[in-house]
Amino acid sequence: MVTAADVLDASDQARPTIDTIPLTVRVRRFNPEVSEDSWWDEWTVRCDPLERLVEVLHQIKWHHDGTLSFRRSCAHGVCGSDAMLINGRNQLACKVLAQDVAPRVTIEPIRGLSVLKDLIVDMEPFMDGYRSILPYLINDSGEPEKERRQSPEDRHRYDDTTKCILCAACTTSCPVFWGDEGYVGPAAIVNAHRFIFDSRDEAGRERMKILSEKTGVFRCRTTFNCTDACPRGIEVTKAIQEVKRAILFERF
Amino acid sequence: MTTTHTYDALVVGGGGGGLRAAIELSERCRTAVLSKLYPTRSHTGAAQGGVCAALGNVEEDSPEWHAFDTVKGGDYLVDQPAALLMTEEAVEAIYQLERWGLPFNRTPDGRIDQRRFGGHTRNHGEAPVKRACYAADRTGHMILQTLYQQCVKRDVRFFNEFYCLDLLRDDAGVTVGIIAFELATGELHVFRAKAVVFATGGYGRMFRVTSNAHALTGDGPALVWRRGIPLEDMEMFQFHPTGLARLGVLLSEAARGEGGIVLNREGERFMERYAPTIKDLAPRDMVSRAIYQEIKEGRGGGPDGDWVYLDISHLDPTVIEEKLPDITEFARIYLKVEPLEEPVPIQPTAHYAMGGIPTDTDGRVVVGADEDVVPGLYAVGECACVSVHGANRLGTNSLLDLVVFGRRAGDDAASFVHDTDLATPSEHPEQPTLELLDGILGRTTGDNAGEIREELQDNMFDLAFVVRSDESLAKMQQILMSLRERYERVAITDKGARYNTDLMETVELGYLLDCADALVAGALVRTESRGAHFREDHPLRDDANWLKHTLAYRERDGSIRIEYKPVKMGPYVPMERKY
Ligand SMILES: Cc1cc2nc3c(=O)[nH]c(=O)nc-3n(C[C@H](O)[C@H](O)[C@H](O)COP(=O)(O)OP(=O)(O)OC[C@H]3O[C@@H](n4cnc5c(N)ncnc54)[C@H](O)[C@@H]3O)c2cc1C
Ligand code: SF4
Ligand code: FES
């Protein structure tokens with residue numbers, strides 16, 4: 001960097017170039033305004049090897065085809081907008097780098113939720129599952145003047161499941177969820193776990209009742225797809241197992 | 001086709017500020033929240049380090065010390081009564097979040113743990129103090145989740161992926177409602193309401209290197225600006241010293257709070273020279289300028305010599321694992337650097353808008369030097385300017401601002417709607433919005449929005465960043481004029497109704513251009529250096545002439561008029577800012 005005045009003289013010169021690599025991006029497209037059927041489009045772009053895939057998609061959208069549609073916001077893996085099926089695996093496009101997939105990457109929408117346009121799916125059924133498990137702290141024992149106390153150990157107990165960003169990568173990688181309309185799916189169970197194992201919460205029993213119904217945890221067949229898919233590194237299957245066990249032994 | 005909805009109160013924005021206001025409102029009147037993102041995807045979720053309050057759980061502390069730090073950190077452009085109020089209400093606001101379930105890290109005896117953060121000191125600058133309450137380096141995520149959970153509990157009505165595109169006011173200036181675009185269908189909706197709360201967040205996307213999400217395009221400030229409301233202190237934009245090199249992804253100041261240090265290419269801990277007392281924990285503007293200076297003097301690293309390094313490799317790995325897990329992961333994923341072993345390349349990144357829509361401490365939008373209240377219009381969070389951050393925000397004070405002033409705005413708006421009748425919009429209130437959209441959709445050939453955006457971001461980064469001058473800003477103003485001309489001719493490829501993100505991104509680019517206009521205009525006339533605004537041609541603070549807030553107005557002919565209003569003073573007399 002130089003002073004603002006130096007920049008004035010230099011700003012017309014080209015920026016130093018980085019060694020770029022070619023990347024062919026294949027995207028499954030869908031737009032009912034155009035066609036009832038999905039189709040494939042393919043572009044080859046040059047990009048910085050460390051470029052995030054979501055930025056490669058932007059490059060395509062901004063310079064080649066403005067109709068390409070996808071969700072995104074934070075661009076660094078914390079908002080949960082851009083879960084996609086990338087080379088057959090559910091991942092966040094902002095956490096995959098060009099060099100990890102070059103020379104060729106195939107991108108499809110996540111499965112099990114209706115596709116609305118290109119990589120955008122209907123999130124509402126997913127959010128319904130989340131809302132069904134009472135995703136908020138319930139404690140009717142009166143409020144202390146300051147904070148409720150919680151030991152570091154008790155706080156640690158549910159740490160893993162507080163990390164969920166509701167990206168749906170887990171739920172939409174679950175074969176049970178694809179096949180079974182009613183199953184709440186891993187993400188909802190993760191969020192139930194977050195409260196069931198929070199020492200301050202008093203409604204664990206209610207949530208476990210909801211999850212012991214036929215749409216709940218016992219549908220899980222422990223395929224571990226969800227754990228592999230979770231971009232937050234949450235041990236999703238373990239959380240589901242813990243909820244199952246708590247229901248079976250009513251230990252929580 | 002337009003649909004009309006009627007509510008008592010509308011909140012535009014589902015981040016921390018909007019949700020906190022909505023919780024307050026929904027208990028007392030018919031409320032709806034509109035958000036262009038699913039609320040849990042708002043950028044509040046990206047906040048890392050903490051939210052501060054003088055709880056005194058770990059070390060002795062007092063709200064008054066916190067207020068002093070806020071005012072000094074803001075280089076005395078802070079309205080002191082607002083800072084005193086915020087720091088006083090901070091304590092209860094944090095307890096409230098905890099009682100709603102926020103999983104704060106804990107002290108051994110089970111209380112909310114606290115850690116150090118830049119510019120927060122004991123007893124008026126004696127030494128750093130532990131004031132930041134935190135949940136690992138995911139504090140914002142936890143706040144956003146907790147507030148959203150409370151909204152689910154209260155069954156708050158959400159309109160997700162709805163873009164607010166216009167503010168409706170009647171001839172007397174009274175708030176009537178808004179116009180919104182439903183992304184799924186392309187349909188326009190008229191929302192009538194007695195009160196509208198804007199909580200649309202920041203606009204860091206006008207710069208090439210930023211910690212801000214793609215969605216942070218200054219929609220709220222730009223929309224109200226177009227409807228006659230001034231914008232306050234827009235030139236005050238914070239550049240955070242520790243963004244991941246080239247990407248701008250933030251590495252929280254918590255890294256330094258936990259003992260991390262900043263090094264130049266020679267491995268020197270240079271902050272010892274710039275801020276001998278608190279060193280690496282000096283406020284952000286000072287660290288960013290120090291980095292700039294090091295780079296200028298040839299002590300930067302990287303291919304272009306414009307990086308320095310954040311070193312946490314000497315910290316206990318278990319501390320890093322417990323307290324800084326996410327940011328270490330960012331370095332590993334995006335730069336392929338292992339922070340446990342080597343310093344991480346960093347550079348200043350456009351981070352936070354101190355300026356915005358002028359409000360009083362009840363979130364009411366106020367106009368002019370006399371602060372006339374605009375009936376029914378509110379703003380909270382990063383899009384607002386209360387002003388508690390002045391010329392430079394202290395870390396952890398923004399999340400606090402959201403919950404304190406979000407609550408206050410919601411509370412005031414709820415009372416307001418009880419005493420007010422619903423005003424009537426004009427015949428076809430969606431007409432101007434339709435014309436805007438049809439204009440963009442109607443052109444088959446024209447300029448490319450992507451190119452305009454890139455040129456805006458590159459030039460703002462080069463000419464209106466950490467160091468500015470009359471020359472650089474005047475040049476930027478010229479560039480903005482030509483970018484606007486091109487924007488008027490912009491054409492897009494997606495002409496469809498369904499999820500037309502091409503169209504919405506183009507509209508957002510228009511907002512960015514507005515915010516950049518206001519920022520550059522304010523920066524050009526402010527011939528002093530204060531907080532984040534550094535003019536190399538006027539390197540000193542000038543209280544005699546510039547201890548005042550800038551108000552920028554968009555005139556009907558497109559020009560910008562600048563007015564000023566006095567800073568509200570209080571117990572703290574401006575002194576030189578040394579740390
Ligand atoms: C990486 C990072 C780390 C940070 N860390 C900290 C920290 O540790 N401590 C701290 O105090 N502060 C921190 N900050 C600052 C703080 O997080 C933000 O200032 C704050 O979260 C902003 O909240 P908000 O509610 O104003 O806006 P946001 O959370 O950005 O929400 C904006 C909302 O407005 C909606 N919206 C925008 N435009 C429209 C429109 N036209 N129509 C409808 N909806 C719209 C969006 O959908 C979104 O819901 C950090 C910031 C960043 C970027
Ligand atoms: S558990 Fe992981 S994969 Fe599933 S929704 Fe949450 S963050 Fe996404
Ligand atoms: S864009 Fe936010 S998670 Fe990828």
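Guide: Buried means under 20% relative accessible area, and exposed means over 50%. The model discussed here is predicted.

Visitor: What percentage of the residues in chain A is buried?
Guide: Chain A has 252 residues. A residue counts as buried when its relative accessible area is under 20%. In chain A, the share of buried residues is 58%.

Visitor: How many helices and strands are there in chain A?
Guide: The C-alpha trace of chain A spans about 65 × 50 × 30 Å along its principal axes. Within chain A, the count is 10 helices and 7 strands.

Visitor: Is A:Phe249 buried or exposed?
Guide: A:Phe249 is found in helix H10 of chain A, which covers residues 236-249. Its relative accessible area is 52%. The cut-off for exposed is over 50%, so A:Phe249 is exposed.

Visitor: Which residues form a nonpolar patch on the surface with A:Phe249?
Guide: The patch has about 340 Å² of accessible area, counted for its residues together. Besides A:Phe249, its members are A:Phe218 and A:Leu248.

Visitor: What is the volume of the second largest cavity?
Guide: A search of the whole structure finds 11 cavities of 30 Å³ or more. The second largest cavity has a volume of about 240 Å³.

Visitor: Which element gives the largest share of the lining of the second largest cavity?
Guide: The lining has 20 residues, and those nearest the centre of the cavity are A:Arg71, A:Arg72, B:Leu37, B:Tyr163 and B:Thr501. Two or more residues come from each of helix H2 (53-63) of chain A and helix H15 (501-525) of chain B. The largest share, 4 residues, comes from H15(B).

Visitor: How many residues of the lining of the second largest cavity are charged?
Guide: The lining of this cavity divides into three classes. There are 9 nonpolar and 3 polar residues, and the charged ones number 8.

Visitor: Which element gives the most to the lining of the second largest pocket?
Guide: This pocket holds about 1100 Å³ of space. Of its 36 lining residues, the closest to the centre are B:Asp166, B:Leu223, B:Arg226, B:Arg227 and B:Pro432. Several elements of chain B each supply at least two lining residues, including strand S8 (162-169), helix H5 (219-226) and helix H12 (431-442). With 6 residues, the element that gives the most is H12(B).

Visitor: How many residues of the lining of the second largest pocket are charged?
Guide: The lining of this pocket includes 14 nonpolar and 7 polar residues. The charged residues number 15.

Notes: Residues are numbered from 1 along each chain as its sequence is written. Chains are lettered from A and ligands numbered from 1 in the order in which they are written. This is a predicted model: local features need pLDDT of at least 70, side-chain atom pairs count only at pLDDT 80 or more; totals for chains, interfaces and linings use all residues. Side-chain values use heavy atoms; hydrogens and water are left out. On a 1 Å grid over the protein atoms alone, a cavity is a set of points where a 1.4 Å probe fits but cannot get out, and a pocket is an open set with protein on both sides within 12 Å along at least five of seven lines; lining residues have an atom within 4 Å of a point. Grid points are joined across faces, edges and corners, and a volume is the space filled by probe spheres set on the points. Ala, Val, Leu, Ile, Met, Phe, Trp, Tyr, Cys and Pro count as nonpolar, Asp, Glu, Lys and Arg as charged, and the others, Gly among them, as polar. Patches are made of residues with over 30% relative accessible area and no salt bridge: like charges are joined within 9 Å, nonpolar side chains (Val, Leu, Ile, Met, Phe, Trp, Tyr) within 5 Å. Accessible areas come from the Shrake-Rupley method with a 1.4 Å probe; for residues, only the protein chains shown count as cover. A salt bridge is a side-chain nitrogen of Lys or Arg within 4 Å of a carboxyl oxygen of Asp or Glu. Buried means under 20% relative accessible area, exposed over 50%, partly exposed in between (1.4 Å probe, protein chains only).
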